[in-house]
Amino acid sequence: MKKNNGHNRRKAIDPLDCRMIELLQKDGRISNTDVAKKLGISEATVRSRLTRLIQEQYIQIVAVSNPLKLGFEVVGTIRIHAEIKKMDRIIRELKTIKALWHIVQTTGGTGIDTEFVLKNLDELNHLIFDQINRIDGVLRTETSLFLNYVKRQYDWGTAAE
């Protein structure tokens, strides 16, 4: 059994969960009935397992969009160099910034990598200077803008196989 962020105990995923995840990675709109047919199980079993996988944050079912095609002009990454002793507080504050849709703590001791989606350069200026760099413990930031999505693929399966 694994712990869920130190709170509730959760059941590890099994081969059936892995097969369900793989089907959903290929087509997130596949119905529970179709998953059940492909795996030879009941729709109720699919529904209960799917609920657990979502609740325990193994998966998230969303429409993955291309922000550049949706009119967002400024999309990219910001690497944040931070004081290690203030890392937890910095991460808590970053999580409240809506434009940061992806936040990860990275190796190297002082790294937080983020991805953002913004309408224009004014919003980027506000994000960097008024929001991120004003957080106590942020030492500096490095910003890279995306010019084009070359490959985005989400069907990597599971490591439990």
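The model is predicted, so local features need pLDDT of at least 70, side-chain atom pairs count only at pLDDT 80 or more, and totals for chains, interfaces and linings use all residues. Residues are numbered from 1 along each chain as its sequence is written, and side-chain values use heavy atoms, leaving out hydrogens and water.

**Helix 1 and helix 2**
- The axes of helix 1 (residues 15-26) and helix 2 (residues 32-39) come within 11 Å and cross at roughly 125 degrees.
- That angle makes helix 1 oblique to helix 2 (angles under 35 degrees count as roughly parallel, over 145 as roughly antiparallel, 65 to 115 as roughly perpendicular and the rest as oblique).
- In contact (heavy atoms within 4.5 Å), Leu 16, Arg 19, Met 20 and Leu 23 of helix 1 meet Val 35, Lys 38 and Leu 39 of helix 2.

**Salt bridges**
- The structure holds 12 salt bridges (a side-chain nitrogen of Lys or Arg within 4 Å of a carboxyl oxygen of Asp or Glu).
- One of them joins Asp 17 and Arg 52 (2.6 Å, N to O).
- This pair links helix 1 to helix 3 (residues 43-55), with the partners 35 residues apart.
- Both Asp 17 and Arg 52 are buried (under 20% relative accessible area, with exposed over 50% and partly exposed in between, using a 1.4 Å probe and protein chains only).
- Arg 79 and Asp 113 also meet in a salt bridge (2.8 Å, N to O).
- Here Arg 79 sits in strand 3 (residues 74-82) and Asp 113 in strand 5 (residues 111-118), 34 residues apart.
- Arg 79 counts as partly exposed at 24% relative accessibility, and Asp 113 is partly exposed at 26%.

Note on methods. Axes are lines fitted to C-alpha atoms, for helices over the stretch in contact, and angles run from 0 to 180 degrees between N-to-C directions. Helices (H or I, at least four residues) and strands (E, at least two) are DSSP runs, numbered from the N terminus.
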